[in-house]
Amino acid sequence: MKKKKISYSEEYREQFLQSKDITFNDGSVVEPEEIWDYLVNVAPQKYPFAFEDNMFYGSTASDDAALPAALKNTYLNLTLSERLEKATANGLKVAFIQGGQSVDPYTAAGVTALRPALVNMWMRGKKNGKSVSEEELGRKGDKEKAYKGISFEACNTAGYEHIQEDNLNIPIVAPYSALRCSDISYSLEAHRHGKRKDEVKLFLADYPMNHQAEKEWAIEYFAKNLQRLVKTLDEATGKETKEEDLKAAIKLHNKGRRIGMELAELWWSAETPPTNGMDRSALFTMGLLEMHGDIQASLDVLTEARDSVAERVKKGIKGYGLADNPKRLFVCGSCIHLDDYRVEENGAVVVGTDNSWSHGSTLVDEEGDPYYNLAKATLEYPYEQSIEKRAAWTIEQVKKSKAQGLLFLYNWGCNTQSAIARAICDVVKRETGLPTLVSENELVGLQPEQQQNRIDAFIEMI
């Protein structure tokens with residue numbers, strides 16, 4: 001088992017300095033030299049946990065110094081907190097949203113939408129000098145506050161405690177209901193009784209379920225909910241969002257989704273995986289354009305990543321740290337991850353997940369009523385369909401990614417995913433013959449050793 005700190009050798013510095021700048025929403029630009037200096041000299045002191053290669057955690061920082069886009073993703077992740085602190089102090093409005101939903105209407109209204117992981121990343125970035133163990137201890141304490149404020153039956157990914165304790169400047173809680181997770185109604189209701197109940201604007205876009213994508217009334221109903229959502233955002237910002245603004249936002253996010261899909265097709269087409277699992281995940285999800293709290297920055301790095309991966313695929317370059325011909329794993333489930341380092345040390349690699357890929361690979365029609373088009377696309381997310389349809393889509397992704405095994409992990413308290421995990425896996429196994437593994441996950445940063453042992457045995461089996 002390797003034990004080391006992630007660091008970047010000077011031999012890669014010149015190559016990195018030849019890469020592209022990052023431009024942000026406000027027009028400011030950061031050059032590669034500044035990014036390199038931050039990653040080498042500033043971030044390891046400020047956020048030591050991110051560079052600690054822990055056997056139960058892996059690392060937050062990419063260790064592929066030859067892939068500039070991966071290092072820039074690390075840079076954007078680690079600067080998320082300080083950038084949001086500055087932007088919100090200057091008037092930017094931030095809305096907490098549900099995981100698994102697109103952010104097009106929030107972009108149209110000039111609001112930055114943050115899903116649960118990003119809310120927690122923002123808070124984590126405000127605490128300097130912590131190791132992985134210290135981070136984990138703090139995370140467990142935060143989750144205990146959330147359990148008391150919401151319910152011990154909910155998985156509590158949403159950073160409820162950070163919002164209600166006024167640790168983060170989040171004045172809007174406005175997710176879609178029901179998408180992916182069963183805890184959103186718990187947490188939204190808890191905000192009505194929290195310490196900041198009179199300060200935080202609450203809105204729930206009612207997402208109809210049960211084959212509603214096939215029903216015209218459901219599309220129109222959800223479209224009206226999206227209109228109400230945008231009106232609520234406008235009340236918070238003092239601006240007026242027009243249909244043309246939403247059309248522009250849809251086109252912008254479709255651009256990101258298309259590049260993300262192109263990047264995925266390139267990656268999957270390669271006989272030799274062109275990146276390791278952690279970098280693959282980061283690069284694929286950049287297509288959502290919401291991973292760094294800055295759409296333009298994400299788009300810049302995403303475009304560079306697409307080009308770099310295309311070059312690696314052409315040259316047959318193997319991802320950093322991978323075994324020759326690693327076993328390919330596809331992972332299902334909400335708000336979960338494997339320890340990519342541990343997986344790769346055991347001769348495997350995660351080639352895909354369904355978590356954010358469902359909406360990241362769903363394009364929105366750009367012609368006609370933008371609210372109707374966005375509602376229709378959202379109701380068609382594969383992740384939200386019946387077991388049969390979701391399983392059929394999963395099989396398509398498994399085949400595209402050339403996966404050799406399927407894992408379905410779910411967090412304690414995630415009632416929806418725990419209920420369907422076995423059924424999805426049974427359909428996939430019946431139709432493809434792939435081995436499958438279902439396992440409950442504890443919502444913490446460190447990978448429980450018992451679960452990791454099961455994953456190691458699964459890898460050995462395939």
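**Charges and rings in a predicted model**

Student: Where do negative charges gather on the surface?
Tutor: Asp 21, Glu 31, Glu 34 and Asp 37 form a patch of negative charge on the surface. A patch takes residues with over 30% relative accessible area and no salt bridge, joining like charges within 9 Å and nonpolar side chains (Val, Leu, Ile, Met, Phe, Trp, Tyr) within 5 Å. Asp and Glu count as negative, Lys and Arg as positive; His and the chain ends are not counted. Each charge is placed at NZ of Lys, CZ of Arg, CG of Asp or CD of Glu. Accessible areas come from the Shrake-Rupley method with a 1.4 Å probe, and for residues only the protein chains shown count as cover.

Student: What should I know about the model and the numbering?
Tutor: This is a predicted model: local features need pLDDT of at least 70, side-chain atom pairs count only at pLDDT 80 or more, and totals for chains, interfaces and linings use all residues. Residues are numbered from 1 along each chain as its sequence is written, and side-chain values use heavy atoms, leaving out hydrogens and water.

Student: Where is Glu 34 placed?
Tutor: Glu 34 is in helix α2 (residues 32–46). Helices (H or I, at least four residues) and strands (E, at least two) are DSSP runs, numbered from the N terminus.

Student: Why does Glu 34 count as partly exposed?
Tutor: Because its relative accessibility is 49%. Buried means under 20% relative accessible area, exposed over 50%, and partly exposed in between (1.4 Å probe, protein chains only).

Student: New topic. How many aromatic pairs are there?
Tutor: The structure has 11. Rings of Phe, Tyr and Trp (its six-membered ring) pair if their centres lie within 6.5 Å; planes under 30 degrees apart are stacked, over 60 edge-to-face, the rest tilted. Take Tyr 176 and Phe 222: their ring centres are 5.3 Å apart and their planes at 90°, so this pair is edge-to-face. Tyr 176 sits in the loop between β5 (172–173) and α8 (184–191), while Phe 222 is in helix α9 (residues 216–237), 46 residues apart.

Student: Are those two buried or exposed?
Tutor: Both Tyr 176 and Phe 222 are buried.

Student: And salt bridges, how many?
Tutor: The whole structure has 30. Each one puts a side-chain nitrogen of Lys or Arg within 4 Å of a carboxyl oxygen of Asp or Glu. Glu 311 and Lys 315 make one at 3.2 Å, N to O.

Student: Where do Glu 311 and Lys 315 lie?
Tutor: Both are in helix α12 (residues 295–315), 4 residues apart, about one turn of the helix. Lys 315 is exposed at 57% relative accessible area, and Glu 311 is partly exposed at 38%.
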